[in-house]
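Dear colleague,

Please find below the structure that I am handing over to you, with its sequence. My findings follow directly after it.

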Amino acid sequence: QQQQQQQQKQQHAHEDAGAEPSWSPAVLQVGSSLRTSSLKVVLPAAARFEDVSLDGSSRLFIIKSGGAEDHRIACPFEVDLDNVQTRFSRQSRSLVISVVEFSDSHERAHDDILR
């Protein structure tokens, strides 16, 4: 049974390794009119969080891991860099980045709609 469970874990990890990075649908933050979203990136070359380098701007993230090809991922909206949260799973070798919309960009979009 343990061997079967380990084979299933390896199969899921192999399937995830080919997965393209993707943003979750944007949702409104509770008690606010700001949107939130999460990005999941599978990084087979990363065994731990220290193997990952995250860089970028409020519009683009650049994720590096070992000798693997860099991931350049556009954000779904302008994000508040002070409120970026990350989680790394050693088991699935994946990084989840949670973001909140930058409040000024929301206000600018709202003002544009009113004009």
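The chain contains two helices and eight strands, in a model that is predicted. Read from the N terminus, the order of the elements is α-β-β-β-β-β-β-β-β-α. Of the 115 residues in the chain, 26% are buried. The accessible surface amounts to about 8,000 Å², and carbon and sulfur atoms account for 45% of that area. Among contacts with a separation of 6 or more, 45% are between residues 24 or more positions apart.

Strands S4 and S5

Strand S4 covers residues 52-56 and strand S5 covers residues 60-65; the two run antiparallel and are joined by five bridges. One of the residues involved is Gly-56, whose bridge partner in S5 is Phe-61.

Salt bridges

Four salt bridges were found in a search of the whole structure. Among them is a network that links Arg-48, Glu-50 and Asp-51.

Glu-50 counts as exposed because its relative accessibility is 59%. Asp-51, with a relative accessible area of 25%, is partly exposed.

A further salt bridge joins Glu-78 and Arg-59, whose closest N and O atoms are 3.6 Å apart. This pair links distant parts of the chain, the two residues being 19 residues apart: Glu-78 is in the loop between strand S6 (71-74) and S7, while Arg-59 is in the loop between S4 and S5. As to accessibility, Glu-78 is buried because its relative accessible area is 14%, which is under the 20% cut-off. Arg-59, by contrast, is partly exposed, with a relative accessible area of 49%.

Arg-90 is located in the loop between strand S7 (85-89) and strand S8 (94-100). Is Arg-90 buried or exposed? Its relative accessibility is 65%, so Arg-90 counts as exposed. Which residues does Arg-90 contact, leaving aside its neighbours within four places in sequence? They are Ala-47 and Arg-48, and Arg-48 is also a member of the salt-bridge network described above. Ala-47 lies 43 residues away from Arg-90 along the chain, yet the C-alpha atoms of Arg-90 and Ala-47 are separated by 5.9 Å.

Glu-101 and Arg-35

Glu-101 is found in the loop between S8 and helix H2 (103-114). With a relative accessibility of 3%, Glu-101 counts as buried. The side chain of Glu-101 is joined to the side chain of Arg-35 by a polar contact of 2.8 Å.

Arg-48 is in contact with Arg-90, and salt bridges link Arg-48 with Glu-50 and Asp-51 in a network. From there, one may turn to the pair of Glu-78 and Arg-59, and then to the contact between Glu-101 and Arg-35.

Yours sincerely

Terms used. Residues numbered from 1 in each chain as written. Predicted model: local features only at pLDDT ≥ 70, side-chain atom pairs only at ≥ 80, totals over all residues. Heavy atoms only, no water. Helix = DSSP H or I, 4+ residues; strand = E, 2+ residues; numbered from the N terminus. Buried < 20%, exposed > 50% of the residue type's maximum accessible area, 1.4 Å probe, protein only. Contact = heavy atoms within 4.5 Å. Pairing = 2+ DSSP bridges. Salt bridge = Lys/Arg side-chain N within 4 Å of Asp/Glu carboxyl O. Polar contact = N/O pair within 3.5 Å; in protein donor to acceptor, adjacent residues only side chain to side chain. Areas by Shrake-Rupley, 256 points an atom, 1.4 Å probe, with all protein chains shown as cover.
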